[in-house]
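This report is meant for a reader who is meeting the structure for the first time.

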Amino acid sequence: MRRDSGDTDERFAAYVRDRGEHHLRVAVLLTGDWHAAEDLVQTSLIKLYRAWPRLETTAEPDAYLRRIMINTHRSWWRAHWRRETPTATPPEDSTTDDIAERQAISAVVRQALAKLPRQQRAVLVLRYAADLPEAEIAELLGCSPGTVKTHAHRGLRALRDSLGDDFALQPVNQPRASRRASREGA
Amino acid sequence: MNDTEDAVRRLFTVATQDIPPSINLGHDIRARSRARVLRARVLLSASLAAVVTAATVITLSAVSPPSALAQVTQAATRMAAQSYRVTSTRTLVRAPGAPTADKNPVTIIGEFDPARSIGEETVGGGAQIRYVGGYIYIPVFGAFRRTHPGLPQKWVKLHVPPRSSTTVTPGDVASLGGITGVQPFNPQDLLALLKSADHVREVGPASGPGWKGSAYSFTVTVRTSAQPHQVMGLHGTVDVDQQGRVRRLDAVESVENTVSKVQMTFGNFGIGVSVSAPPADETVSP
């Protein structure tokens, strides 16, 4: 059964409202930059919108959009249309140390991710940001589950080496003083 | 779930919390999708038509305004042609092992006339640096004096090689907005940095005392070719007024695990700048 064309736009708008931010967060980990992430998600949403009326009601739009994003990111990477730049985001509000520190950490993590080979980065992001099972990641990337495991193992090791002590980041809801004490090994 | 996976999930959570407010995913998705289809249909009709008149082509194609990148680089280029005053503040946000005291901001106030290759800046309300005719004059600093005991001179004279406005070095990023020990701050480096920027886009209006204009976000990435390979990133916004002049820059620079914030404001365009080299007997060249 196809989606009712009468409420296609409503459903699509609701989907973007509900799930857009999740895909944007995944995209920024893939691209390293918020504006490249916005580009990637919007380009992918345009493709999804055009396919929306044809999607079966049982189809999962998240999976569909994810596939579009991965394929689009891959084609951009190959064509060098979008040079992935590990960047820092300017602090929105520089009046508190917590916000500045958090944004600094964001920049460092995205930078470290951007240094990884594309496939390793994609596996880590899909596994630990999008929480996909290995089988689904393998299907998305066109490789075997064994290869996904290998990429995950190597990517985690490379990320740990790159971030050093910052890898063992304490939960973000932990008070700042105790986070610093934890990081300093107190 | 093991500790490593737990740590990665936490890192990714933190790394994706700072979504810029300017991002609007749902904006115009449907209109842009329909516009793509419409353009495809129009092109198909034109190719099938026996005659396509020039008037039709003009009607169908839009005269594109300058791109955001062009706006920013044009503004930066204009800076090379007129004098101005600049205030720059550089703040160390985070660095491994840096105590809080080292994070105090450093402010530089300067006046420059690029066309005459002269300029002067005061660092932190104290040390003065002069630029004259391709040379930079820095007050003799402690390390230099220690290697040259008994030195009577007050100034060190260094040659500033002509810089390419298209080649960006890691030093350009590291020195933007303040003294870093890598090389002294030179606002002209801003031109090269902005020309090498990518992901430039207009993000909204901007204004300041006596001016209005637009804000543009940008990113710059420089990779060192020599070991240890480093990636230095600069990401921020640059405000350009309606006369096409750079008015403000707000950026965050990241180098490995070190993050700094840079804020620069430009004004008093056309100001008279008068700077002369220090007396030769007070100057030493290393």
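Two strands are said to pair if DSSP finds at least two bridges between them. The model shown is predicted, and in it strand E9 (residues 231-241) of chain B pairs with E10(B) in the antiparallel sense over 9 bridges. Within this pairing, His235(B) stands opposite Val252(B) in E10(B). The two strands E9(B) and E10(B) form a hairpin with 4 residues between them, and in its turn Gly244(B) has a positive phi of about 75°.

On from there, E10(B) also pairs in the antiparallel sense with strand E11 (residues 258-267) of chain B, over 8 bridges, and here Leu249(B) has Met264(B) in E11(B) as its bridge partner. The hairpin of E10(B) and E11(B) has 2 residues between the strands, and Glu256(B) takes a positive phi near 50° in it. Strand E10 (residues 246-255) of chain B is largely enclosed by the rest of the structure, because 8 of its 10 residues are buried.

Chain B as a whole comes to 7 helices and 12 strands, and 44% of its 286 residues count as buried. Among its contacts between residues at least 6 apart in sequence, 52% join residues at least 24 apart. The accessible surface of chain B comes to about 14400 Å², with 55% of it belonging to carbon and sulfur atoms. Elsewhere in chain B, the charged end of Lys157(B) sits over the ring of Tyr135(B), 4.3 Å from the ring centre.

| Pair | Centre to centre | Angle between planes | Class |
|---|---|---|---|
| Phe12(A) and Trp52(A) | 5.3 Å | 85° | edge-to-face |
| Tyr15(A) and Trp52(A) | 5.6 Å | 40° | tilted |

Phe12(A) lies in helix H1 (residues 8-31) of chain A and Trp52(A) in the loop between helix H2 (34-51) and helix H3 (61-79), so their pair ties together parts that are 40 residues apart in sequence. Tyr15(A) lies in helix H1 of chain A as well, and its pair with Trp52(A) therefore ties together parts that are 37 residues apart in sequence. Phe12(A) counts as buried at 2% relative accessibility, Trp52(A) is likewise buried at 2%, and Tyr15(A) is buried with a relative accessible area of 8%. Ring pairs link Phe12(A), Tyr15(A), Tyr49(A) and Trp52(A) into a cluster.

Glu139(A), by contrast, counts as exposed at 53% relative accessibility, and it lies in helix H6 (residues 134-141) of chain A.

Methods: Residues are numbered from 1 along each chain as its sequence is written. Chains are lettered from A and ligands numbered from 1 in the order in which they are written. This is a predicted model: local features need pLDDT of at least 70, side-chain atom pairs count only at pLDDT 80 or more; totals for chains, interfaces and linings use all residues. Side-chain values use heavy atoms; hydrogens and water are left out. Buried means under 20% relative accessible area, exposed over 50%, partly exposed in between (1.4 Å probe, protein chains only). Contact means heavy atoms within 4.5 Å. Accessible areas come from the Shrake-Rupley method with a 1.4 Å probe; for residues, only the protein chains shown count as cover. Rings of Phe, Tyr and Trp (its six-membered ring) pair if their centres lie within 6.5 Å; planes under 30 degrees apart count as stacked, over 60 as edge-to-face and the rest as tilted. A charge sits over a ring if NZ of Lys or CZ of Arg is within 6 Å of the ring centre and within 35 degrees of the ring normal.
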